Amino acid sequence: MAKENARSRNYEKVKGYYDGGYWSETRVKNAVAKGWITESEYEEITGVAYDA
């Protein structure tokens with residue numbers, strides 16, 4: 001539970017969009033650039049290593 005509290009504010013929103021097929025990996029990467037999620041959260045969501 002403590003790990004969830006440490007997640008970015010928009011983590012669940014971005015994950016939901018990606019898992020639902022609404023967002024591509026590129027869109028999730030853009031969320032990192034905008035500061036919505038972290039690079040490690042990108043990797044958790046997509047299963048792909050973040051490459052700036």
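Where is the place of Y18? I find Y18 in helix α2; helices here are DSSP runs of H or I with at least four residues, numbered from the N terminus.

Ground rules before going on. I am working on a predicted model, where local features need pLDDT of at least 70, side-chain atom pairs count only at pLDDT 80 or more, and totals for chains, interfaces and linings use all residues. Residues are numbered from 1 along each chain as its sequence is written, and side-chain values use heavy atoms, with hydrogens and water left out.

**Y18.** I listed what Y18 touches, not counting residues up to four places away in sequence: W23, S24, E25, V28, I45 and T46. Contact means heavy atoms within 4.5 Å. I also checked Y18 against V28: they sit 10 residues apart in sequence and 7.3 Å apart in space, C-alpha to C-alpha.

Buried is under 20% relative accessible area, exposed over 50%, and partly exposed in between (1.4 Å probe, protein chains only).

**α3.** For α3 I get V28, A31 and V32 as the buried residues. Down the axis of α3 they fall within an arc of 105°, so they line one face of the helix; the arc is that of the directions from the helix axis to the C-beta atoms. On the face turned away from the buried side I find the exposed residues T26 and A33. The cover over the buried residues of α3 includes α2 and α4. I then followed V32: leaving aside neighbours within four places in sequence, V32 is in contact with I37, T38, E39, Y42 and Y50. Just after α3, G35 has a positive phi of about 85°.

**α3 against α4.** I read an angle of about 160° for this pair, with the axes 9 Å apart. Axes are lines fitted to C-alpha atoms, for helices over the stretch in contact, and angles run from 0 to 180 degrees between N-to-C directions. That makes α3 roughly antiparallel to α4 (angle over 145 degrees). The contact involves E25, V28, K29 and V32 of α3 and E39, Y42, I45 and T46 of α4.

**α4.** Which residues are buried in α4? I noted E41, Y42, I45 and T46. Their arc, seen down the axis of α4, is within 120°, so they too line one face of the helix. They pack against α2 and α3. Just after α4, G47 takes a positive phi of about 80°.

**α2 against α4.** The axes of α2 and α4 come within 10 Å and cross at roughly 35°. Here I logged Y11, V14, K15, Y18 and D19 of α2 touching E41, E44, I45 and T46 of α4.

**N10.** Last stop: the loop between α1 (2-5) and α2, which holds N10. Buried or exposed, this N10? N10 is buried, at a relative accessible area of 17%. I see N10 touching W36 and I37, again not counting residues up to four places away in sequence.

Key:
Helix = DSSP H or I, 4+ residues; strand = E, 2+ residues; numbered from the N terminus. Parallel < 35°, antiparallel > 145°, perpendicular 65-115°, else oblique.
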